[in-house]
Amino acid sequence: MTIVRSIALFVLAALAEIGGAWLIWQGVREHKGLLWIGAGIAALGAYGFVATLQPDANFGRILAAYGGIFVAGSLGWAMVVDKFRPDRYDIIGALICLAGVAVIMYAPRT
């Protein structure tokens, strides 16, 4: 159950961070205004809190592993929201990152 909770928290963190950055991008680059920027800032703040809910107590480990989630999640966001079509190297790179997440977070420790 701990692994399932950890993965769910990583997914929630990714939605908050990637969504927040996307909202700010829309507010600034697409000229959608301060409301979008403010929502993005709030979402990025929520990301910071979600990361603290991870069961592992090591900040560096959580952030390092989250980097892999962020890479894969960003490509997933781009596919769904921006209709981006990743090429095979995008997919291979994301899978390598996710393998790194699994090793960093879920490998047995002595």
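A salt bridge is a side-chain nitrogen of Lys or Arg within 4 Å of a carboxyl oxygen of Asp or Glu. In this structure, D56 forms a salt bridge with R61, and their closest N and O atoms are 3.0 Å apart. The structure holds one salt bridge. The model is predicted: local features need pLDDT of at least 70, side-chain atom pairs count only at pLDDT 80 or more, and totals for chains, interfaces and linings use all residues. Residues are numbered from 1 along each chain as its sequence is written, and side-chain values use heavy atoms, with hydrogens and water left out.

**Overall build**

- The protein has four helices and zero strands. Helices (H or I, at least four residues) and strands (E, at least two) are DSSP runs, numbered from the N terminus.
- From the N terminus on, the order of elements is α-α-α-α.
- Along its principal axes, the C-alpha trace spans about 50 × 35 × 20 Å.
- Of the 110 residues, 28% are buried. Buried means under 20% relative accessible area, exposed means over 50%, and partly exposed lies in between (1.4 Å probe, protein chains only).
- Contact means heavy atoms within 4.5 Å. Among contacts between residues at least 6 apart in sequence, 65% join residues at least 24 apart.

- D56 is partly exposed, at 22% relative accessibility.
- R61 is also partly exposed, at 25%.

**The nonpolar core**

- A nonpolar core is a set of buried Ala, Val, Leu, Ile, Met, Phe, Trp, Tyr and Cys residues joined through side-chain atoms within 4.5 Å.
- The largest one has 14 residues, and F10, Y66, I69 and M105 have the most contacts inside it.
- At least two residues of this core come from each of α1 (2–29), α2 (34–51), α3 (59–81) and α4 (88–106).
- α1 gives the largest share, six residues.
- Leaving out residues up to four places away in sequence, F10 touches Q54, I62, A65, Y66, I69, M105 and Y106.

**Helix α1 and its surface**

- α1 has 28 residues and reaches 39 Å from its first C-alpha to its last, close to the 40 Å expected at 1.5 Å a residue. That expected span is 1.5 Å times one less than the number of residues.
- H31 follows α1 and has a positive phi, near 55 degrees.
- I7 sits in α1. I7 is partly exposed, with a relative accessible area of 42%.
- I3, I7, V11 and L15 form a nonpolar patch on the surface, with about 350 Å² of accessible area together. Patches are made of residues with over 30% relative accessible area and no salt bridge; like charges are joined within 9 Å, nonpolar side chains (Val, Leu, Ile, Met, Phe, Trp, Tyr) within 5 Å.
- The protein exposes about 7100 Å², and carbon and sulfur atoms supply 73% of it. Accessible areas come from the Shrake-Rupley method with a 1.4 Å probe; for residues, only the protein chains shown count as cover.

**Q26 and W36**

- Q26 also belongs to helix α1. Q26 counts as buried, at 9% relative accessibility.
- Beyond its neighbours within four places in sequence, Q26 is in contact with H31, K32 and W36.
- W36 lies in helix α2. W36 is partly exposed, with a relative accessible area of 29%.
- Not counting residues up to four places away in sequence, W36 touches W22, L23, I24, Q26 and G27.
- W36 and W77 are 41 residues apart along the chain, and their C-alpha atoms are separated by 17 Å.
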